[in-house]
Amino acid sequence: MAYLFQQILNALQLGSIYALIALGYTMVYGIMTMINFAHGDIFMVGAFLCFVAATVLGLPFIPALLLSMTGCALLGVVIERLAYKPLRNAPRVSAVITALGVGLVLEHLTLVFSPYPRHVPALWSSATWHVGGVTLSSLQALIIVLSVLLMVLLDWLVRRTMLGLAIRAISWDRTVAAIMGVPVDAVISLTFAIGAALGGAAGFLYALAYPVIDPYMGVIVGWKAFIAAVVGGIGNVRGAMLGGFILGAVEIMVAAFLPSTYRDLIAFALLFTLLILKPYGLLGQPRPQKV
Amino acid sequence: MTENRRQMTDKAGTVKTESPINKSVNGMNASDIILEVRDLRVRYGHIEAVQGISFEVRTGEIVALVGANGAGKSSTLRAISGVLPFSGEILFEGQPIHRLGSAAIVARGIAQVPEGRGIFGNLTVQENLKLATWNRRDRRAVKDDLRHVFDLFPRLAERRQQLGGTLSGGEQQMLAIARALMTRAKLLLLDEPSMGLAPMLVREIFRILQDINQAGTSLLLVEQNALMALKVASHGYVLETGHIVMHGTGRELADHPRVKEAYLG
């Protein structure tokens, strides 16, 4: 029983990181119907900014987190303006190829800066609690609480604010949104900034939880988070969160109760079965025909 | 016909001795004309959909732009709203707006009821209306306006929490008009407000449009339903394959044999 609770905690930790990354995919897809395949590498940059903050700059926790988030937000906007905006009316596949290219550029720029894996020192003198055979570190608690906080904040932003209204409107019909006076370019850039900031936060938390980082770390994690977004229903904010937690849970539970070499095999077989049953994802809906 | 129009505006142009800020207020002719379009051209690749048209809307007037499918009516409205590249000049209240972005154009006071209504199906009725107030900072006045449009369209008030995509065609058209009103526009551009609606609904929509006009908003109305549009318009222009081929008062055009034959059946 204690073992199960322990695994649930681990699943929540991993799941919240997947969920944060998945949000970036889903937001960009929602507003542009484009998969930003560079997003996993933005996550990686967030982890390296955490490393820089912890070593070179010697920043405490909160400023270091803000550095990762704002750094990635700026990076997201620059990528959108330079690489994606000129392709907004080009065929989708051009934008997707460009995104893959941007990802490679980020990986290899980081490789120049850091050709070998780095160890991220603890930013947080983590306390550990033992409750009935379950071990909870304060870092683990912090990762879960902070992620959930960011998700609640984002959900509020998308559902309750004028910016969120504009994001949802643009995702339905960009031209009509412009006709209604919405500054479409600015809102799209802001959406990229928010998605990238969440990716940066995920990279930061990931670097603290799993403190060996390298320039290719974003590839696999990014793919997994992308799949999480699709399982939840890509374009749907709550779906991305749900998908992230489901993926985290499946991965941890398979490794905990089955031979761990089969982890990814079984985890993804399960997720694909889910997609066969719900092709638009758990919370995604086929978009009704416009009248 | 277009030549006459252009001469008139040239005269208006010579009045500009005052400071540029007051120009539109002091220049008599300029303040009379709320929208002036000069030599507008819109291209889609090799096809020129609008081939150099000029027209104007006077303050407080309803102007109809009628013509068959593909005559360039929608392209004209989209160009005015700033969502389509074009060449030519567009003046709103005497000020050039053809270099402004669509958001700035809405802020100046031009709103559009787009073709096919353009309702955001994923937003509620109330959210559709709120979106149109993006440029406004007067939150209290927005609340008053919301109450006002719900008075004007009680059906929308009943459905304010419903998603736009669940409304009927007539309700969507009302929402599209209400949404344009929420921008506090001085000029409404209406793209085929009668499209796909039953005759009774069309009459109701036109009655509402006339009420809106009576309350002081100028209207530029694009219609295939030429008779209905020309009936309520003080002036009309007939568009054919990107050219203005006829111009006159709404009554003149509605009675013109050629218009009757071509558009009124």
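This is a predicted model: local features need pLDDT of at least 70, side-chain atom pairs count only at pLDDT 80 or more; totals for chains, interfaces and linings use all residues.
Two strands pair if DSSP finds at least two bridges between them.

**View 1. A hairpin in chain A, built from strands E2 and E3.** Strand E2 (residues 128–131) of chain A pairs with strand E3 (residues 134–137) of chain A in the antiparallel sense, over four bridges. Two residues lie between E2(A) and E3(A), and Gly132(A) in the turn has a positive phi of about 50°.

**View 2. The open sheet of chain B, made of six strands.** Reading across chain B, the strand order is E6-E7-E8-E3-E9-E10, and the pairing is mixed. Strand E6 (110–113) and strand E10 (243–249) of chain B each have a single partner strand, so one side of each is left without a neighbour in the sheet. From one strand to the next, the twist averages 15°. Helix H9 (residues 169–181) of chain B packs on this sheet, where it touches E6 and strand E7 (187–191) of chain B. The direction of H9(B) makes about 175° with that of E6(B). Strands of a sheet pair through backbone hydrogen bonds, in either a parallel or an antiparallel way. For a parallel example, look at strand E3 (residues 62–67) and strand E9 (residues 235–240) of chain B, which pair over five bridges. Within this pair, Leu65(B) has Tyr237(B) in E9(B) as its bridge partner.

**View 3. Helices H1 and H9 of chain A, where they cross.** The axes of helix H1 (residues 2–32) and helix H9 (residues 217–232) of chain A come within 8 Å and cross at roughly 75°. H1(A) and H9(A) are therefore roughly perpendicular to each other. On the H1(A) side, the contact is made by Tyr18(A), Ile21(A), Ala22(A) and Tyr25(A). The residues they meet in H9(A) include Val221(A), Trp223(A), Lys224(A) and Phe226(A). Counting the residues of this contact by kind gives 10 nonpolar, one polar and one charged.

**View 4. Two cysteines of chain A, Cys50 and Cys72.** A disulfide is a pair of cysteine sulfur atoms within 2.5 Å, and by this rule the count over all chains is zero. Cys50(A) is in no disulfide, and its nearest cysteine sulfur, that of Cys72(A), is 11 Å away. Likewise, Cys72(A) is in no disulfide, with the sulfur of Cys50(A) as its nearest. Are these residues buried or exposed? Cys50(A) counts as buried, at 0% relative accessibility, and Cys72(A) is buried with a relative accessible area of 0%.

Notes
Residues are numbered from 1 along each chain as its sequence is written. Chains are lettered from A and ligands numbered from 1 in the order in which they are written. Side-chain values use heavy atoms; hydrogens and water are left out. Axes are lines fitted to C-alpha atoms, for helices over the stretch in contact, and angles run from 0 to 180 degrees between N-to-C directions. Contact means heavy atoms within 4.5 Å. Buried means under 20% relative accessible area, exposed over 50%, partly exposed in between (1.4 Å probe, protein chains only). Angles under 35 degrees count as roughly parallel, over 145 as roughly antiparallel, 65 to 115 as roughly perpendicular and the rest as oblique. Ala, Val, Leu, Ile, Met, Phe, Trp, Tyr, Cys and Pro count as nonpolar, Asp, Glu, Lys and Arg as charged, and the others, Gly among them, as polar.
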